[in-house]
Amino acid sequence: MAKEKTLFFCKECGYELSKWQGQCPGCHGWNTLVEAPSAGRGKKAGAPVRNIQSSAKPAKINEIETQEECRTGTGMPELDRVLGDGIVPGSLILVGGDPGIGKSTLLLQMCRLLAEKKMRVLYVSGEESPRQIKLRAERIGTFSDDLYLYSETCMGTILQAVEEIEPKVVIVDSIQTMLEETVDAAPGSVSQVREITGSLLRLAKSKNITIFIVGHVTKEGNVAGPRMLEHMVDTVLYFEGDKTAMYRMLRGVKNRFGSTNEVGVFEMRGKGLIEVPNPSEYMMQGRLLNEAGSVVVCTMEGTRPFLIEVQALVCQTSFPMPRRTAVGTDYNRVNLLMAVLEKRLGIRLSDCDAYVNVAGGMKINEPALDLALVAALLSSHHGRSLDGGTILFGEVGLVGEVRAVSQAERRVAEAIKTGYDTCIIPESNRQSILKADNLDVSGVKLLGIRHIREILDYI
């Protein structure tokens, strides 16, 4: 009897080896190789090999006709924004997020709206029974008969159900619970996830069905399983946010049919997820005006501007080593900016504790946040506040210079729309806005600065 062959796969990049190694030669990750059966070993005797037939044939590139992708709106503008104005038939979409963040709720609400448009939808769950899904659905609203619920983990049975029902949209919740019988491995393993994703990809392309896959995430925030899962699908969406906070953000990190810079904002309530069409207005609720250590910054998520409050608290320390805490932004960036303040402005902060917080549970890492962090730290240290109608944005360099940031005109337009009357921005951005003359700035004061020492004149 021939000896069965065992292979090792990297769970991060999918690199294949015949022997185990500590470091993956493909992605150079440590301890990422896991044992999995080879393709030949996993096939059971007599088990049929499912092959979805396709009528496609090789064609010359100049003979292929191109046209605008036909998209179908989901009925949720925030979701459509991230997907690129709707779902594309025949696409495979991966939705990842922390447990309990609202992935299943988001997709169930989408199924309800699609079923109302007389689109047949199949919701396959390997974690809940149809009764459990129905109880959760009753909190969201009423559903039409075009939504089918199916509790199954066997991939062969699921494919048969798709053949019988002929849905336009299929939800698989989640891929880590699905089982391919022809593969001798546990559900959620590298081999299982790879085979099931390949089957779903062939199904989506051959039948022109849109398939959504729910994926669990690891403690690092990545989708569990092989990294090549994200390479195989057409779109990768991450549902982010703190479970204790009310806001959730849907972010696209890969999209073959649209931009990866867009973000959708939702609010979790008792009846499900509510879309937030104007995040700036919601983020500013409860803010106290004219308080030391509190400033407002305009950040960009793709093409969408956000007004967010940045808070800082600087006080004398009672410890030999001062404490530094950053919530919602990069901790190392805060330390860097504090070092710039000490060196360029001569402000002693080495004996002070510093606490920085981005209000609303948001996580911002873009360079335009630098100027707001500097202003908040200075405001708290001196005990003086900025005017309540002022916003700031700009990048700060190591010599204290204030550098230009992208999409400054959109940021200023958002500030004007929200009712702010003063914008402290990089001087180069101010000159660009005035020179372009595309924005009416008669109702706002544009204050351009070149160095962080100039902020002291406005605090």
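This is a predicted model: local features need pLDDT of at least 70, side-chain atom pairs count only at pLDDT 80 or more; totals for chains, interfaces and linings use all residues.
1. How much of the protein chain do buried residues make up? They make up 49% of its 459 residues. Buried means under 20% relative accessible area, exposed over 50%, and partly exposed in between, with a 1.4 Å probe and protein chains only.

2. Residues are numbered from 1 along each chain as its sequence is written, and side-chain values use heavy atoms, with hydrogens and water left out.

3. Now the overall layout. The protein chain has 12 helices and 21 strands. Both are DSSP runs, numbered from the N terminus: helices are H or I with at least four residues, strands are E with at least two. The C-alpha trace spans about 80 × 55 × 50 Å along its principal axes. Take the contacts between residues at least 6 apart in sequence: 67% of them join residues at least 24 apart. Contact means heavy atoms within 4.5 Å.

4. Look at helix 3 (residues 103-116) and helix 4 (residues 130-140). Their axes are 11 Å apart, and they pack at an angle of about 70°. Axes are lines fitted to C-alpha atoms, for helices over the stretch in contact, and angles run from 0 to 180 degrees between N-to-C directions. Helix 3 and helix 4 are therefore roughly perpendicular. The cut-offs are under 35 degrees for roughly parallel, over 145 for roughly antiparallel, 65 to 115 for roughly perpendicular, and oblique for the rest.

5. Which residues meet there? Helix 3 brings Ser-104, Thr-105, Leu-108, Gln-109 and Arg-112. Helix 4 brings Ile-133, Arg-136, Ala-137 and Ile-140. By class, this contact of helix 3 with helix 4 has 4 nonpolar, 3 polar and 2 charged residues.

6. Asp-370 sits in helix 10 (residues 370-382). Is Asp-370 buried or exposed? It is buried, because its relative accessible area is 2%. A polar atom of its side chain lies 3.3 Å from the backbone nitrogen of Val-396. Leaving out residues up to four places away in sequence, Asp-370 touches Arg-333, Leu-337, Gly-394, Glu-395 and Val-396.

7. Glu-401 lies in the loop between strand 18 (395-396) and strand 19 (402-403). Its relative accessibility is 18%, so Glu-401 counts as buried. The Glu-401 side chain makes a polar contact with the side chain of Arg-403, at 2.8 Å. A polar contact is a pair of N or O atoms within 3.5 Å; within protein, one must be able to donate a hydrogen and the other to accept it, and residues adjacent in sequence count only if both atoms are side-chain atoms. Glu-401 also touches Glu-395, Val-396, Arg-450 and His-451, not counting residues up to four places away in sequence.

8. In helix 11 (residues 408-418), the buried residues are Ala-408, Arg-411, Val-412, Glu-414 and Ala-415. Seen down the axis, they fall within an arc of 155°, so they line one face of helix 11. The arc is that of the directions from the helix axis to the C-beta atoms. Just after helix 11, Gly-419 has a positive phi of about 105°.

9. Helix 12 (residues 427-436) has Glu-427, Asn-429 and Ile-433 buried. Their arc around the axis is only 160°, so they lie on the same side of helix 12. Their cover includes helix 11, strand 20 (422-426) and strand 21 (445-449). Just after helix 12, Asp-437 takes a positive phi of about 55°.

Terms used: Ala, Val, Leu, Ile, Met, Phe, Trp, Tyr, Cys and Pro count as nonpolar, Asp, Glu, Lys and Arg as charged, and the others, Gly among them, as polar.
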